[in-house]
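Subject: Structure handover

Hello,

Here is the structure you asked to look at. Please open it first, then read the notes below it.

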Amino acid sequence: MALPLPAGLTPPEVAFLCEMELVTVIPRQRLEGLQLLGGSIPPLVPPYRSPIPLWLALLLKRQRRANILPPPWLSPPSLDAVLQVETSTPQFSDPPPLPRTSHTSIPTSPPFLPSATGDASPDALPYYWLEIGEMLLEAASDDIPEPDTVRRLMRDLREVRMAKMRAGVEVLEGGREVKMNGVGAMEVAEGRAFIGGVVDGLRKIGAGKETSRREREAEERENGVGRTGDEGEDDDMSI
């Protein structure tokens, strides 16, 4: 018997979707273009930079046929600046700004943005920041300046942001709302379980309190508690 699927995307599924993000590569040899379901990829001609999907960039990197240009936010100065913002405010850092679109073009929003290419915003973490950073550190650490420092800063950022999510759960327990702008895809997938558990628990507690209140009111009506003075006088006259 098949087990029920969990609600939302699991971390492996998020990592799979992340591989469709565009990154910038510098080909080391000439490669013919490809016709893919997601669109066509132009021919790669060294030393010109080209944006291609992450899964193809990782494949070419393992075959030593291209180098990957890390996005500007995946550098020690940018990550350190974002970490300073994360530790100085209870909210998450702002996501990258949306690109300007004309009236004839279709507006885009995260995660459908070129947020990991060579011309991405250097001072904001994109929707797939954690997955892209880990994949590039694993497969293309020689293309990233100071990879050990980058790895340490990413670990610190993840701990700080997960602490904010746990603090947001405590706010939910108090019956208030929490602002989750800027949360990444993997953070949503990892935090969905305990956040959903807290929300379900609060819903059950609220339902239990409402049931108890209704039962108490029904019992009071049966015992004659809470009747008005006119009703009491009518009872005396009838006696």
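**The loop residue and the nonpolar patch**

Met 20 is found in the loop between α1 (11-18) and β1 (22-27). Helices (H or I, at least four residues) and strands (E, at least two) are DSSP runs, numbered from the N terminus.

A note on the source: this is a predicted model, in which local features need pLDDT of at least 70 and side-chain atom pairs count only at pLDDT 80 or more, while totals for chains, interfaces and linings use all residues. Residues are numbered from 1 along each chain as its sequence is written, and side-chain values use heavy atoms, with hydrogens and water left out.

Met 20 has a relative accessible area of 51%, so it counts as exposed. Exposed means over 50% relative accessible area, buried under 20%, and partly exposed in between (1.4 Å probe, protein chains only). The areas come from the Shrake-Rupley method with a 1.4 Å probe; for residues, only the protein chains shown count as cover.

Together with Leu 34, Leu 36, Trp 55 and Leu 59, Met 20 makes a nonpolar surface patch of about 410 Å². A patch is made of residues with over 30% relative accessible area and no salt bridge; like charges are joined within 9 Å, and nonpolar side chains (Val, Leu, Ile, Met, Phe, Trp, Tyr) within 5 Å. Both β2 (34-36) and α2 (54-62) supply at least two residues of this patch.

**The largest pocket**

Which residues lie nearest the centre of the largest pocket? They are Met 20, Glu 21, Leu 22, Gly 38 and Pro 53, out of 20 lining residues. A pocket is found on a 1 Å grid over the protein atoms alone: it is an open set of points where a 1.4 Å probe fits, with protein on both sides within 12 Å along at least five of seven lines, and lining residues have an atom within 4 Å of a point.

The space in the largest pocket is about 430 Å³. Here, grid points are joined across faces, edges and corners, and the volume is the space filled by probe spheres set on the points. β3 (39-41) and β4 (50-53) each supply at least two residues of the lining.

**Salt bridges**

How many salt bridges does the structure hold? There are eight, a salt bridge being a side-chain nitrogen of Lys or Arg within 4 Å of a carboxyl oxygen of Asp or Glu.

One of them joins the side chains of Lys 61 and Asp 143 (3.0 Å, N to O). Lys 61 lies in helix α2 and Asp 143 in the loop between α4 (129-139) and α5 (147-173), so the pair ties together parts that are 82 residues apart in sequence. Lys 61 and Asp 143 are both buried.

Arg 161 and Glu 86 form another, with their closest N and O atoms 2.6 Å apart. Because Arg 161 lies in helix α5 and Glu 86 in helix α3 (residues 76-88), this pair ties together parts that are 75 residues apart in sequence. Arg 161 is buried at 0% relative accessibility, and Glu 86 is buried at 2%.

Glu 86 also forms a salt bridge with Lys 164, at 2.8 Å between the closest N and O atoms. Glu 86, Arg 161, Lys 164 and Glu 187 are linked in a network of salt bridges.

**Backbone details**

Pro 46 and Pro 47 are joined by a cis peptide bond, with omega about 0°. Pro 47 is found in the loop between β3 and β4.

Arg 64 is not a glycine, yet has a positive phi of about 60°.

Regards
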